[in-house]
Amino acid sequence: MQYSRSIIEIIRERTSRRSFTPQPVEAEKLGALRDCFTALEGPFGGTARFVILDTTGWGEGKINALGTYGTIQGARLFIVGLIRRGEHDMEDFGYQFEKVILRATDLGLGTCWIGGIFNRSRFADKAGICEDEVLPAISPLGYATPKRGVADSIIRWSAGSRNRRPWRELFFHGSFEMTLTESAAGRYLDPLEMLRLGPSASNRQPWRVIKEPGRDIFHLYLRRSKGYDRLIKAVDLQRLDLGIAMSHFELTARELGLVGRWEKMPPSFSRLPERTEYLQSWIAP
């Protein structure tokens with residue numbers, strides 16, 4: 001994936017936008033976005049496929065043909081993503097779709113992760129879903145209005161989108177009993193900070209990271225919010241969030257020249273916090 005500027009700058013700039021102007025997206029930008037669709041692969045080997053759908057005419061006189069219930073206003077284009085079902089399909093999808101979202105941001109376009117409230121079956125049908133595929137999420141695509149709409153502002157306020165958990169709640173040193181300080185993060189300060197700034201369902205920020213003392217090895221965990229794994233039968237929203245976290249961490253590390261890889265290497269803890277699951281580790285040589 002190629003970006004035209006620093007990924008740190010793009011991640012800091014990206015924000016969910018739900019209100020769009022009528023200005024059409026230039027063919028050159030759509031082409032640049034489609035070019036990145038074929039250059040993606042997830043950290044667990046799954047490959048998502050993406051299409052851009054034009055929803056003009058879908059209304060057919062119906063107020064809520066898209067199923068977004070007024071949360072998305074003025075959008076005509078949507079990025080729709082699908083992936084084959086598998087053990088880590090959600091993480092692979094989140095990792096890849098976030099790269100697409102960041103490329104759209106790089107191109108000056110507005111986006112918004114939508115994993116829950118939309119007409120999933122209609123978008124899946126229009127995207128030509130296959131029998132072994134699932135549609136985890138979509139995003140509107142276009143030029144965001146200079147000022148946020150009322151619905152957009154309410155959603156951001158209710159989810160606390162401007163707020164991020166502090167370091168002490170997310171990053172740990174050696175075990176979940178000791179907080180990782182920013183100074184102890186060393187050269188991985190920026191990758192961890194960009195992970196912290198990632199979007200997540202209802203801004204729950206379910207990622208947790210433990211750094212091994214004296215080594216650049218980072219163990220990534222999912223800290224589940226109660227009930228979130230049962231909201232949508234086919235889609236585990238918080239596993240999508242972990243894929244986003246992996247994407248932000250890795251993209252930033254690569255930009256800074258930090259060599260490493262994702263690998264299964266769970267540390268041996270006698271007891272994990274409640275609703276906490278190990279996922280994967282970043283291992284630097």
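Here are some notes on the predicted model shown above, taken point by point.

1. **Starting with the sheet.** Strands β1, β2 and β3 make up an open sheet, arranged in that order and paired in the antiparallel sense. Since β1 and β3 sit at the edges with a single partner strand each, one side of each is left without a neighbour in the sheet. From one strand to the next, the twist averages 25°. As a reminder, strands of a sheet pair through backbone hydrogen bonds, either parallel or antiparallel.

2. **The β2 and β3 pairing.** β2 and β3 are joined in the antiparallel sense over seven bridges. To find your bearings there, look for G81, which stands opposite A137 in β3.

3. **A helix across the sheet.** Helix α3, residues 89-106, lies across β1, β2 and β3. Its direction makes an angle of about 20° with β3.

4. The whole structure contains 18 salt bridges. One of them joins D54 to R76, with the closest N and O atoms 2.3 Å apart. D54 belongs to strand β1 (residues 49-54), while R76 is in the loop between β1 and β2 (77-84), so this pair links parts of the chain that are 22 residues apart. Both partners are partly exposed: D54 has a relative accessible area of 39%, and R76 has one of 33%.

5. R84 lies in strand β2 and D132 in the loop between α4 (120-126) and β3 (133-141), so the pair ties together parts that are 48 residues apart in sequence. R84 is exposed, with a relative accessible area of 59%, whereas D132 is partly exposed at 36%.

6. R224 pairs with E277 in a salt bridge whose closest N and O atoms are 2.6 Å apart. R224 is in the loop between β6 (217-223) and α9 (237-255), and E277 is in strand β8 (residues 276-283), which puts the two partners 53 residues apart.

7. **A network of charged side chains.** Side chains of opposite charge can pair when their charged atoms come close. Here, salt bridges link R5, E9, E13, R103 and D106 in a network.

8. **Helix α8.** This helix, residues 189-196, is mostly covered, with six of its eight residues buried. Which residues of α8 are buried? They are P191, L192, E193, M194, L195 and R196.

9. Rolling a probe the size of a water molecule over the atoms shows where empty space is left. In this model there is one cavity of 30 Å³ or more, and the largest cavity has a volume of about 50 Å³. Its lining consists of L192, L195, V209, F218, H219, L220, F249, W262 and W282. The elements giving two or more residues to that lining are α8 and β6. β6 supplies the largest share, three residues.

10. **Two backbone angles to look at.** Q205 has a phi near 50°, a positive value in a residue other than glycine. Q205 is found in the loop between α8 and β5 (207-211), and it is buried, with a relative accessible area of 3%. R275 likewise has a positive phi, near 60°, and is a residue other than glycine. R275 sits in the loop between β7 (261-263) and β8. In contrast to the buried Q205, R275 is partly exposed, with a relative accessible area of 30%.

Key
Residues are numbered from 1 along each chain as its sequence is written. This is a predicted model: local features need pLDDT of at least 70, side-chain atom pairs count only at pLDDT 80 or more; totals for chains, interfaces and linings use all residues. Side-chain values use heavy atoms; hydrogens and water are left out. A salt bridge is a side-chain nitrogen of Lys or Arg within 4 Å of a carboxyl oxygen of Asp or Glu. Helices (H or I, at least four residues) and strands (E, at least two) are DSSP runs, numbered from the N terminus. Buried means under 20% relative accessible area, exposed over 50%, partly exposed in between (1.4 Å probe, protein chains only). Two strands pair if DSSP finds at least two bridges between them. Axes are lines fitted to C-alpha atoms, for helices over the stretch in contact, and angles run from 0 to 180 degrees between N-to-C directions. Contact means heavy atoms within 4.5 Å. On a 1 Å grid over the protein atoms alone, a cavity is a set of points where a 1.4 Å probe fits but cannot get out, and a pocket is an open set with protein on both sides within 12 Å along at least five of seven lines; lining residues have an atom within 4 Å of a point. Grid points are joined across faces, edges and corners, and a volume is the space filled by probe spheres set on the points.
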